[in-house]
Amino acid sequence: MTTFLGITITALDWTLLLILVLLVRRVGSQSQAQLPPPVHPPEPIVLRTFTPIQLSAFTGKDNSPVYMAVLGKVYDVSPGRGFYGPGGPYENFAGRDASRGLSKQSFDSDMLVDPAGPIDKLDDIDAEERDAVREWAAMFDGKYVQVGTLVENNAA
């Protein structure tokens, strides 16, 4: 029996304290062994320009990335391959400027502009449609990584 700071400590107390210390050390060493390896930061993304013709190569076919443009920004929507890639409900937007279709809430192919032609300026859409495409653009900004901007075919 020992007295420490006015507290009487028995042999049983010392034994229980030793067991507690050993258990804490063992649990601590096990939890350190189970830690995942350090995460390396992703490679930086260098934004590039895409013409509509260049963008048309990124449809997800043959395991290529899936890119699409909204209001001049090109996004990597590959994480949503099930939606935008081959066989997905919005596959017609893959490798294209989807701004008109999103503004009109239409996923029909007649909403798509010919990639060999000029970029659709959306001059004829109304205020409600403009708000709709801006909301889509905000969603893409928050969900997908921007990989570039869309420029006219003759600009490349």
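Of the 156 residues in this predicted model, 33% come out as buried, where buried means under 20% relative accessible area, exposed over 50% and partly exposed in between (1.4 Å probe, protein chains only).

As for overall form, the radius of gyration, taken over C-alpha atoms, is 29 Å, whereas a compact globule of 156 residues would sit near 15 Å (the globule rule being 2.2 Å times the number of residues to the power 0.38). The C-alpha trace spans about 95 × 35 × 30 Å along its principal axes.

Five helices and six strands make up the secondary structure, in the order β-β-α-β-α-β-β-α-α-α-β from the N terminus. These are DSSP runs, with helices (H or I) of at least four residues and strands (E) of at least two, numbered from the N terminus. Of the contacts between residues at least 6 apart in sequence, 63% join residues at least 24 apart, a contact being heavy atoms within 4.5 Å.

Zooming in, Ser-99 belongs to helix H4, which covers residues 99-103. Ser-99 is buried, at a relative accessible area of 2%. Neighbours within four places in sequence aside, Ser-99 is in contact with Ala-69, Val-70, Leu-71, Leu-122 and Val-133.

A word on conventions: residues are numbered from 1 along each chain as its sequence is written, and side-chain values use heavy atoms, leaving out hydrogens and water. Local features need pLDDT of at least 70 and side-chain atom pairs count only at pLDDT 80 or more, while totals for chains, interfaces and linings use all residues.
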